[in-house]
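Work through the following exercises with the coordinates open, and try each task before reading its solution.

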Amino acid sequence: MKKLIVIALSAMMLFAFTACDPSNDVKEDPIPEGTKGAELKDLFTSYADNVTVDGDWVILGMTKTNASESEALSSVDGPAIKFKESGVVEFGNDNAATVSYTLNLSSLKDNEYTAWSLNYGDAKGNWKADTYLFIQKTAAHEYTVALGDEGAAHTVINFIEDEEDMHAENLRLISQVPAERKTTLTEEDDIVDITLTATKSDDAVKLSATVEGKTITMNTFNPESATVADIAGIRTLWNVISNSDEVKMTAYNVQ
């Protein structure tokens with residue numbers, strides 16, 4: 001039965017991400033480097049009702065919804081920043097596009113996590129593919145950081161009717177990420193600097209994540225829903241899901 005649930009969840013994942021696609025209105029003005037506080041809060045375009053300001057930080061609350069008043073939990077989603085109202089942040093002369101930000105993860109308890117989607121689009125801004133950054137707290141001030149191309153199970157879609165089971169599914173995904181896509185780090189202040197860099201070549205899009213100076217890379221990201229030629233740049237940064245309503249973010253930049 002569990003195998004059937006996983007298969008069904010996988011089959012519906014593309015539908016889930018399309019249906020829950022974070023793509024509302026967004027300012028076309030350039031985003032100032034290192035955006036913080038209230039200015040950062042204003043950049044969130046989807047699932048943003050629970051984003052609050054704490055000085056230079058924003059607190060990334062999760063949004064929980066039900067399929068109907070009488071039905072079970074339908075979805076848990078975090079807030080998202082769509083980079084442009086139409087189009088994408090295109091790969092530059094170095095064939096790269098970069099997002100950077102800083103997180104305060106002190107709210108995470110042991111075995112809790114935060115999951116982030118960097119997704120890609122064509123020249124018109126249509127969604128084409130996703131990659132995922134997972135950060136799981138494993139002990140006091142210790143974290144596992146992993147890159148994945150399998151969708152974080154953020155949406156129940158009637159297959160996972162319990163929030164704890166949904167988080168357990170994400171922890172399973174983290175555990176199955178190959179060792180070369182993982183790193184561990186210790187941060188006594190639980191504050192981590194993150195840079196995600198997508199680099200396009202003729203036959204692949206490579207994603208590198210540098211977290212507190214440690215870099216992991218996905219060397220062969222080949223989207224199933226589009227050709228590499230279809231992908232014109234990066235489209236949205238989405239805090240897909242977390243166990244915590246109190247993860248904080250600051251110093252955001254995209255280029």
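Predicted model: local features only at pLDDT ≥ 70, side-chain atom pairs only at ≥ 80, totals over all residues.

**Exercise 1.** Carry out the analysis for the salt bridge between D54 and K248.

*Solution.* The two side chains of D54 and K248 meet at 2.7 Å, N to O. Because D54 belongs to strand β1 (residues 51-54) and K248 to strand β16 (residues 248-254), the pair ties together parts that are 194 residues apart in sequence. As for accessibility, D54 is partly exposed at 34%, and K248 is partly exposed at 22%.

**Exercise 2.** Determine how E169 and R172, which form a salt bridge, are placed in helix α3.

*Solution.* The closest N and O atoms of E169 and R172 are 2.7 Å apart. Both residues are in helix α3, and because they are three residues apart they are separated by about one helical turn. To classify E169, compare its 11% relative accessibility with the limit for buried residues, which is under 20%; E169 is therefore buried, whereas R172, with 26%, is partly exposed.

**Exercise 3.** List the residues that touch the most other members of the largest nonpolar core, then examine the contacts of L133.

*Solution.* The largest nonpolar core has 44 residues, and those touching the most other members are F83, Y101, L103, L133, I234, M249 and Y252. Leaving aside neighbours within four places in sequence, L133 is in contact with residues including Y101, W116, V145, L147, I194 and L196. Another core, of 18 residues, lies apart from the largest one and has Y113, A115, Y132 and L171 among its members.

**Exercise 4.** Locate N111 and E212, two residues with positive phi that are not glycine.

*Solution.* N111, with phi near 75°, sits in the loop between β7 (96-104) and β8 (113-121) and is partly exposed at 43%. E212, with phi of about 50°, sits in the loop between β13 (205-211) and β14 (214-221) and is partly exposed at 28%.

Terms used. Residues numbered from 1 in each chain as written. Heavy atoms only, no water. Helix = DSSP H or I, 4+ residues; strand = E, 2+ residues; numbered from the N terminus. Buried < 20%, exposed > 50% of the residue type's maximum accessible area, 1.4 Å probe, protein only. Core = buried A, V, L, I, M, F, W, Y, C linked by side-chain atoms within 4.5 Å. Contact = heavy atoms within 4.5 Å. Salt bridge = Lys/Arg side-chain N within 4 Å of Asp/Glu carboxyl O.
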